[in-house]
Amino acid sequence: MPADKMPSGQPTKAARIINNDPLSNGWGKTLSGETNDMVWKLIPDAKAMYSLQVSRETPVEPSSLSSSLFWEHRHLSQQQILSTPQADFLELFCKNKEKFQVGLSAIRKEVPGSDKVNLHPMFGPMRDREFTIWPVRVNKGWVTIILHIQPKEVVGQSSCGYIDREVTEYAIVDPFAEKRGSRKTFIESRLAEILSEGCIEFPTTAVDHTIAIQDTEDKWATGYNAYAISHEFIRRLKVLLYRREHCQAGLPSTDFLWGEFEEHCNVDVYREALMSACAHQTIEKSGYAVRMALDVPSESAKHNPDALNHLKAKSTHVVDEPDENYGKLPSATRNVVVEIPEDKRFASSTETTMRRTWQPEPGESDSDESEEAKPVVKKKRAPRKPKKEKSEQTKQPKTSSEKPAESSTEHDTGDQEQPLNANAMDAMDTTGDAPSSPEAPPSTFHTRTFEPQRDAGRCDENTQRHEAHAPEPSVSYAEAFSTILSKTMQPESAGNFGGSEQVEDDELLGDGKSPATAMGFTTLPTPVPETIERALVEVAQMDVPTSLGKRRLSDASDFSESSLKRARTEDLGDFE
């Protein structure tokens with residue numbers, strides 16, 4: 001087909017090219033003449049990739065190996081360190097001597113005079129670059145030759161003529177075990193003749209490295225192994241270049257370059273990597289004017305999927321694991337079962353019952369993800385004790401010299417429930433008692449010493465437990481309120497709160513003190529959040545005699561209005 005008449009419509013040999021939103025095929029418009037010329041020039045490169053999609057057991061073509069190595073070589077940070085010659089068409093390693101002489105004469109050097117030597121272009125990069133990777137075909141199998149070439153001091157004319165380069169290290173990697181030794185001897189003899197035409201000596205003193213590789217039983221697989229070895233050596237060269245750039249003391253060693261090929265050979269992975277390298281080589285040569293597409297061939301294309309499927313190959317016994325993609329699974333799926341040993345199982349259900357689900361308080365936003373929600377454990381309310389008549393003798397209010405040490409400005413923490421830390425939660429038992437020594441940060445708990453009860457008869461067993469285990473919450477506005485009450489109220493006015501029923505001693509304010517303790521009486525320090533709000537409402541609605549007359553405590557500036565508002569919405573229960 002002429003270059004100026006490339007098809008503009010859908011190809012006839014394929015059913016479809018998988019289409020998707022990111023790409024449009026643009027088949028409705030004819031390609032330009034310039035694009036047609038470029039496409040025809042890329043046909044050999046495209047063939048290098050297409051030939052790999054016929055069958056997994058098809059021997060690798062020379063164009064596929066050379067195209068892939070060109071692409072790998074071009075992506076080195078310093079391309080001048082490596083030479084990757086492609087000269088299979090010369091048949092330099094053919095067993096037929098006549099064909100070999102024809103190929104050798106094609107690269108033979110010319111000596112027009114005594115002052116210079118003209119060499120074949122293949123030897124230019126080999127002489128100037130430190131390493132050479134050269135896959136060659138020997139008797140229908142692929143062998144990889146790796147050379148380390150360095151300058152040689154010229155002493156005089158040798159039997160091969162002028163020589164100024166020599167091979168100092170080399171490796172011949174042959175994955176096919178049958179007659180491997182004889183092939184190596186054959187390759188070494190041919191290398192000596194070939195390199196001499198480039199003024200490069202291949203001495204018998206060169207270090208012969210053995211890069212061990214897993215043997216293969218199929219000759220058709222040797223081409224894939226040759227690509228894998230070449231790819232790995234190029235990767236090691238990248239490491240060497242990096243070390244040379246960042247090494248602080250001298251040049252780094254090159255011994256690791258010749259190490260064992262520590263990998264299980266997988267020809268299917270190598271074939272697909274080879275396809276990718278050939279495809280990208282074609283794309284880059286086109287200046288990215290062409291791109292990859294997923295072709296769906298029809299029956300007329302004579303495509304054989306089974307010939308490429310490694311799972312159906314006779315020599316393969318591998319079962320592929322499923323892809324770990326969980327996006328389509330129901331969220332409730334729990335099909336991974338972990339059996340817990342009997343001696344490691346949970347002792348009881350007590351541990352799990354202590355884990356509470358955090359719920360925001362009324363009016364509190366739950367959209368702030370910057371703060372972690374801490375579990376809140378409420379103490380169980382102790383049973384009410386029988387009412388006792390209030391003694392006529394009351395404690396005298398504190399003088400100005402006996403003011404509390406806490407500042408009245410710390411008033412906005414008493415309306416929040418104090419969270420227990422993890423250690424405190426674990427120490428809780430079924431009776432709801434707090435731990436004896438909670439390990440909590442100073443901002444949450446601090447040590448407090450309680451004075452003994454004046455009336456020993458009131459100190460029962462429950463009282464002792466609370467005095468021994470009750471944590472000390474942080475200072476709240478309720479404690480600041482106690483300062484105001486202690487200065488302004490007479491003891492008689494502090495006897496009752498909100499009516500005929502007296503608040504019990506275990507109903508503490510938000511700071512851990514009961515209303516009676518705020519007035520100076522010694523009571524049980526048991527914080528009960530449900531009764532805190534009720535007590536605050538009762539205190540706030542009392543008329544307190546002051547020097548300016550009766551005044552509501554809710555008018556005080558250090559009373560939390562938000563807490564009062566929430567408390568008023570609750571059921572006052574026994575205080576009504």
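F131 and F233 are both buried. Keep in mind as you look at them that this model is predicted.

So where do these two residues sit? F131 belongs to strand β3, which covers residues 131–138, while F233 is part of helix α7, covering residues 222–246. They are 102 residues apart, and their pairing links distant parts of the chain.

## How the rings meet

There are 5 aromatic pairs in the model. One of them is F131 with F233, an edge-to-face pair with 6.0 Å from centre to centre and 65 degrees between the planes. Planes over 60 degrees apart count as edge-to-face, which is why this pair gets that label.

Like F233, W258 is buried.

## A charged spot on the surface

Now for the outside. Which residues gather in a patch of negative charge on the surface? They are D320, E321, D323 and E324.

Take D323 as an example from that patch. You'll find D323 in the loop between β8 (295–297) and α9 (350–353). Is D323 buried or exposed? Its relative accessibility is 72%, so D323 counts as exposed; the cut-off for that word is over 50%.

Terms used. Residues are numbered from 1 along each chain as its sequence is written. This is a predicted model: local features need pLDDT of at least 70, side-chain atom pairs count only at pLDDT 80 or more; totals for chains, interfaces and linings use all residues. Side-chain values use heavy atoms; hydrogens and water are left out. Patches are made of residues with over 30% relative accessible area and no salt bridge: like charges are joined within 9 Å, nonpolar side chains (Val, Leu, Ile, Met, Phe, Trp, Tyr) within 5 Å. Accessible areas come from the Shrake-Rupley method with a 1.4 Å probe; for residues, only the protein chains shown count as cover. A salt bridge is a side-chain nitrogen of Lys or Arg within 4 Å of a carboxyl oxygen of Asp or Glu. Lys and Arg count as positive and Asp and Glu as negative; His and the chain ends are not counted. The place of a charge is taken as NZ of Lys, CZ of Arg, CG of Asp or CD of Glu. Helices (H or I, at least four residues) and strands (E, at least two) are DSSP runs, numbered from the N terminus. Buried means under 20% relative accessible area, exposed over 50%, partly exposed in between (1.4 Å probe, protein chains only). Rings of Phe, Tyr and Trp (its six-membered ring) pair if their centres lie within 6.5 Å; planes under 30 degrees apart count as stacked, over 60 as edge-to-face and the rest as tilted.
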